[in-house]
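Here are a few friendly notes to read alongside the model.

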Amino acid sequence: MPDRCVSKQTLQRLPAYLNYLRSPGGKTGKNVSATSIAEALGLNDVVVRKDLASVSSKGRPKVGYARAELIRELESFLGYDNSQDAILVGAGKLGQALLAYSGFPQYGLNILAGFDADPSLAGREVAGKKILPMDKLPDLCRRVGVHIGIITVPGGQAQAVCDQLIDSGVLAVWNFANAHLQVPRGILVQNENMAVSLALLSNHLKERFSTKGGA
C-alpha cells in the first residue's frame, strides 16, 4: 500500500508529474516509468520513484505504471477529482483575474463568488461569478460549507479578513496578501508571496551576471 502521509516537498512535485502525464509529450504509450518522467522534468529518478510509490503501489519493474491508472491515482491523491468550493475576498485586479481564470476546476477548485468591502463592486459579475458585499460572507460559507478562502486584499486588511473567514468555517487559506497571518492550530495557510519570488529571480540574475562579469 502507498504511504498516504507524504512530505511537503513530495506534494509540491506531484502536480508536475500529473501535468506531464496529461500533456501531449506525456501521452506516449500505455505505460510510463519513473525514469522517463524524471528525464522529461529534469529530476532525479530516485526521487520520482519514491514520490510515485507514496501515491501508487502498482508500479512494476521494467514495465512502470499504467499511464491512465497513474493519472487517476494522482488526481485522487491530490483531490482534483473531488471539487472543493472556495470563496475569494478582495475583488481588485488580482482578485478578478483569479475569478476569471478557467483552469481551476481541473485542479479541483471551484470559486463560488468574490467578496469586497467596496460597495461599488457589489453585484458585478466576473466570468459568471458574482462579487458580493462582505456582510454576506458568513452566511454563504456556512450555508454551502465552504472550507477554502482566498485572500487578495492589501496586506493591512489581510488579518481581519482571515479572522472573518475562519469564524465563518474556513479551514484553509490561500493568501496572496503581503502579510504574515496568525491562525489557530488546525488552520492551514498557503502563502503566495510575490516579493519572495521576485527576490529569488533577481538574485538568480545577479549571480549569473556577476559570474559572467568576473570570467
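1. **A surface patch.** Please keep in mind that this is a predicted model. Helix α8, residues 194-214, is the main contributor, giving 3 residues to the patch.

2. Where does L94 sit? You will find L94 in helix α5, which covers residues 93-100. L94 counts as partly exposed because its relative accessibility is 33%, and the buried class is kept for values under 20%.

3. **Helix α4 from end to end.** Next, look at helix α4, which runs over residues 67-78 and has 12 residues. From its first C-alpha to its last, α4 reaches 16 Å, close to the 16 Å expected at 1.5 Å a residue. Just after α4 comes G79, which takes a positive phi of about 80°.

4. **What α4 hides, and what hides it.** Which residues of α4 are buried? They are R67, L70, I71, E73, L74, E75, F77 and L78. An α-helix has 3.6 residues a turn, so residues three or four places apart point the same way. The cover over the buried residues of α4 includes helices α1 (8-22) and α3 (45-53), along with strands β1 (31-32) and β2 (65-66).

5. **The cysteines.** How many disulfides does a search of the whole structure find? The search gives 0. C141 is in no disulfide, and the nearest cysteine sulfur to its own, that of C162, is 12 Å away. A disulfide needs the two sulfur atoms within 2.5 Å, so a 12 Å separation rules this pair out. C162 is likewise in no disulfide, with C141 holding the nearest cysteine sulfur. Are these residues buried or exposed? C141 counts as buried because its relative accessibility is 1%, and C162 counts as buried because its value is 0%.

6. **The chain as a whole.** Stepping back, the chain has 8 helices and 9 strands, and its C-alpha trace spans about 60 × 55 × 35 Å along the principal axes. Buried residues make up 37% of the 215 residues. Of the contacts between residues at least 6 apart in sequence, 59% join residues at least 24 apart. The accessible surface comes to about 12700 Å², and carbon and sulfur atoms account for 55% of that surface.

How values were computed. Residues numbered from 1 in each chain as written. Predicted model: local features only at pLDDT ≥ 70, side-chain atom pairs only at ≥ 80, totals over all residues. Heavy atoms only, no water. Helix = DSSP H or I, 4+ residues; strand = E, 2+ residues; numbered from the N terminus. Buried < 20%, exposed > 50% of the residue type's maximum accessible area, 1.4 Å probe, protein only. Expected span 1.5 Å × (residues − 1). Contact = heavy atoms within 4.5 Å. Areas by Shrake-Rupley, 256 points an atom, 1.4 Å probe, with all protein chains shown as cover.
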